[in-house]
Amino acid sequence: MKTKLTMAAAILSLGTAMSPVLAQEKIKLGVIVTLSGPAAALGQQVRDGFALGVKDLGGKMGGRDVEVVVVDDELKPDAAVTKVKGLLERDKVDFVVGPIFSNILQAIHRPVTESKVFLISPNAGPSTFAGKDCNPFFYVTSYQNDQVHEILGKVAQDRGYKRMYLMVPNYQAGKDSVAGFKLDYKGEIVEESYMPLNTLDFQPELSKISSQKPDALFTFMPGGLGVNLVKQYKQAGLADSIPVLSAFTVDESTLPAQQDAAVGMFGGANWAPNLDNPPNKKFVAAYEAAYNSVPGTYAMQAYDAAMLIDSAIKGVKGDLSNKDAVAAALKKADFTSLRGSFKFNTNGYPIQDFYLTKVAKRADGKFQTEIVQKVFENYGDRYAKECKAAN
């Protein structure tokens, strides 16, 4: 009997000793974004915004230490699949954060979600996964792609622009942007131009715009595309005569290169650096101090992604073994978003406010987007009603 009691005590002691060890297992987070080529600035903002979030959390989520593995998707779907499989199979990550571009998201969505690993998108929000193909392992801290473009369609309609020229990249997000713009805009579209993702020279299109004289240009040209377009638009003398309504074309990732050429151009967004609330002011100041650049929506949404993951891990008291419980905790979105009002729709995409923004040059010589007006309030996307996933 004494031997049995001794063994039982030893087992109990061993079990007690193991608990802190288990508690010290790190949460592993994989970040997959574009970090090379003309669009690298966008990925850098996500990487840095997420890193700042982890830093502000003290390097812990739900009481557990965090390890972040960052990989470059190279803006190539095949490379992205290989990289994300490495995160899943070699690094055994608990969450994947990324990517920037919708074509990359479409490539990695299945490998991640079928592995029953949570995929948190800090930027790409295609219609593909917002409706009937929504997934309880997929959450978006940005928007559904159409929505940002809807802002510009409504503004064009409200301002009485009767003739619009549309120019976007030829991939899923470009198609979503046109669909979003058309929801509220009822005027004439004089041209609908789809450009290759590697376009550097916009002169042929600018000649068309000059000859057709639309009331305004609507464009979605992220990263290096937007840098080239804005510079060439200004050089062609069009900026003073044909207004630009844009999405992701003039923002904090492109403004350091565009500079004065972009001043006065309009954009649509769910946030801007000058949004007046205490958490946002703290974030913008900390980001600028850490990285010597003005944060854009990419950085803000990545910071929020870190806070979302932390809220979910806290919600399950650090135990990630019950996937349904983690999904429910993510769905609660129990954190304070830098943009203010934020909650998830049934499809894992946000319900939030949207704004018209305008590029301004600050007193310190830096450039940023600033809020002009609120266009939509507590706005959810139109695909959510088709989502039947129990998330």
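A helix crossing is termed left-handed if the near helix is turned anticlockwise from the far one by less than a right angle, and right-handed if clockwise. The structure is a predicted model, in which local features need pLDDT of at least 70, side-chain atom pairs count only at pLDDT 80 or more, and totals for chains, interfaces and linings use all residues. Residues are numbered from 1 along each chain as its sequence is written, and side-chain values use heavy atoms, with hydrogens and water left out.

Helices are DSSP runs (H or I, at least four residues) numbered from the N terminus. H7 (residues 203–212) passes H8 (residues 224–235) in a right-handed crossing. Their axes, lines fitted to C-alpha atoms over the stretch in contact, with angles from 0 to 180 degrees between N-to-C directions, come within 10 Å and cross at roughly 45°. Gln203, Leu206 and Ile209 of H7 contact Leu229, Gln232 and Tyr233 of H8 (heavy atoms within 4.5 Å).

The axes of H3 (residues 77–89) and H4 (residues 102–114) come within 9 Å and cross at roughly 35°; this crossing is also right-handed. On the H3 side, Pro77, Ala80, Val81, Val84 and Leu88 take part, meeting Asn103, Ile104, Ala107, Ile108, Pro111 and Val112 in H4.

Helix H5 (residues 145–158) is largely enclosed by the rest of the structure, because 11 of its 14 residues are buried (under 20% relative accessible area, 1.4 Å probe, protein chains only). Among the buried residues are Asp146, His149, Glu150, Ile151 and Leu152. Just after H5, Gly160 adopts a positive phi of about 75°.

How values were computed. Buried < 20%, exposed > 50% of the residue type's maximum accessible area, 1.4 Å probe, protein only. Helix = DSSP H or I, 4+ residues; strand = E, 2+ residues; numbered from the N terminus.
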